[in-house]
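Please brief me on this structure.

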Amino acid sequence: MPKKKIILTGIGASPGEIGGRVEIVNSSKEINGLKECRIIVSSFLTPDLLPEIKKNKYILGMVTDRGGRTCHAAIVARELGIPYIAGAMNATKLLSKNKEINMDGRKGIIYEA
Amino acid sequence: MKPKRFLKIESIKKLQKYGLPIPKTIFIFDFQKQEKEIDEFLKNRRYITVRSDKREDTDFCPHWLGCSVKKAKNFIRKITLQGYAVILHEMVPIYRERASGNILVLKKYFFVELMGVGPLTWITREGKVSEWIKVRKNDLKEVSHTGKRFLKKKELKNILKLAKRVPPYRVLEFSLRPEGLYFWQIIEDKTSKNLE
């Protein structure tokens, strides 16, 4: 099996492996506007964004620059069973819109697809 | 129907039950009946910390982290009239911490997430974590470490020895300050079972 190239690592905050395209989001409007399955990437998911995340069925996974396993966003991700990598510094710089990635929410690793 | 509970006050009582250090604290449910108790608490202090709690209400509650004793009684009276129970702490000023953070207690591990100075809501609500540590529970050995190091390993070990008393799947909020260690809250997190 070919070795997968690691793009970025962070803190595995909600387990699960998934692949998909990236969408950079920074507001509830952007989350609300998501109509295709995507891995959302953000600097952080503050509590005001979490209700939109709970409502949106197109979110495959979540990656944030900041945060950890004890943040509200991590608890919500685990409740919903969505893989989540927190504290992946520079995620919003290194991952661009529509880039295809694979993520492992237990190990906290983002691979090239 | 389950009776509505004061969740924040229960959480502080649990910290006391597990023998974790907290600032000197009293709870006010009835201003008039407890006025003497309030006066006694305010005596010989210049500032106190006032927090509040509402039954089953996890939303924002009024608080005054550095309330002067002169203004305290009016503020306490006002918020008790609005239906809040009041938590009075001896004042522990923020921005003087050596480190603040959360300890997530699992069955076999602790996950510790730390920041420097500032209110702990910066971690939970804004994700301002600068150090992530995974520690094996039985021998308190670090399994992994990422980020800046705020505490000496021995200091962290001493804090985690206390956290061993707490059942798994709970988050403990704490801060280590020049004058000592304080725990602020204990929160149940059933979702953390997925991290075992």
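Predicted model: local features only at pLDDT ≥ 70, side-chain atom pairs only at ≥ 80, totals over all residues.

Residues are numbered from 1 along each chain as its sequence is written, and chains are lettered from A and ligands numbered from 1 in the order in which they are written.

**Chain A**

- Chain A has four helices and eight strands. Helices (H or I, at least four residues) and strands (E, at least two) are DSSP runs, numbered from the N terminus.
- The order along the sequence of chain A is β-β-β-α-β-α-β-α-β-α-β-β.
- The C-alpha trace of chain A spans about 40 × 30 × 25 Å along its principal axes.
- Of the 113 residues in chain A, 44% are buried. A residue is buried if 20 or more other C-beta atoms lie within 10 Å of its own, exposed if 12 or fewer, and partly exposed in between, with C-beta atoms placed from the backbone.
- Among contacts in chain A with a separation of 6 or more, 54% are between residues 24 or more positions apart. Two residues are in contact if their C-beta atoms, placed from the backbone, lie within 7 Å.

**Chain B**

- Chain B has five helices and ten strands.
- The C-alpha atoms of chain B fill a box of roughly 50 × 45 × 30 Å along the principal axes.
- For 196 residues, a compact globule would have a radius of gyration near 16 Å, and the 18 Å of chain B agrees.
- Buried residues are 33% of the 196 residues of chain B.
- In chain B, 55% of the contacts between residues at least 6 apart in sequence join residues at least 24 apart.
- Chain B is assigned domain 1 (24–90) and domain 2 (99–195). These bounds come from an automatic or database domain assignment.
- The C-alpha centres of domain 1 and domain 2 of chain B lie 28 Å apart.

**Where the chains touch**

- Chain A gives 19 residues to the contact, and chain B gives 17 residues.
- On the chain A side, β2 (11–14) and α3 (72–80) each supply at least two residues.
- The largest share of that side, four residues, comes from α3(A).
- By class, the chain A side has seven nonpolar, eight polar and four charged residues. Ala, Val, Leu, Ile, Met, Phe, Trp, Tyr, Cys and Pro count as nonpolar, Asp, Glu, Lys and Arg as charged, and the others, Gly among them, as polar.

**A sheet in chain B**

- Six strands of chain B form an open antiparallel sheet in the order β8-β7-β6-β5-β9-β10. Two strands pair if DSSP finds at least two bridges between them.
- β8 (142–147) and β10 of chain B are at the edges with a single partner strand each, so one side of each has no neighbour in the sheet.
- Strand β9 (residues 170–177) of chain B is largely enclosed by the rest of the structure, because seven of its eight residues are buried.
- β5 (residues 99–105) of chain B runs antiparallel to β9(B), and seven bridges join them. Here B:Gly101 has B:Phe174 as its bridge partner.
- Eight bridges join β9(B) to β10 (residues 180–188) of chain B, also antiparallel. B:Leu172 stands opposite B:Ile186 in β10(B).
- The hairpin of β9(B) and β10(B) has two residues between the strands.
- β6 (residues 109–115) and β7 (residues 131–136) of chain B are joined by six bridges. B:Glu113 has B:Trp132 in β7(B) as its bridge partner.

**Two residues**

- A:Phe44 is in the loop between β4 (38–42) and α2 (50–55) of chain A. A:Phe44 is partly exposed, because 19 other C-beta atoms lie within 10 Å.
- Beyond its neighbours within four places in sequence, A:Phe44 has contacts that include A:Arg66, B:Glu126 and B:Gly127.
- B:Lys17 is in helix α1 (residues 7–17) of chain B. B:Lys17 counts as exposed, because it has 11 C-beta neighbours inside 10 Å.
- B:Lys17 and B:Val166 are 149 residues apart along the chain, with their C-alpha atoms separated by 9.7 Å.

How values were computed
Rg over C-alpha atoms; globule rule 2.2 N^0.38 Å.
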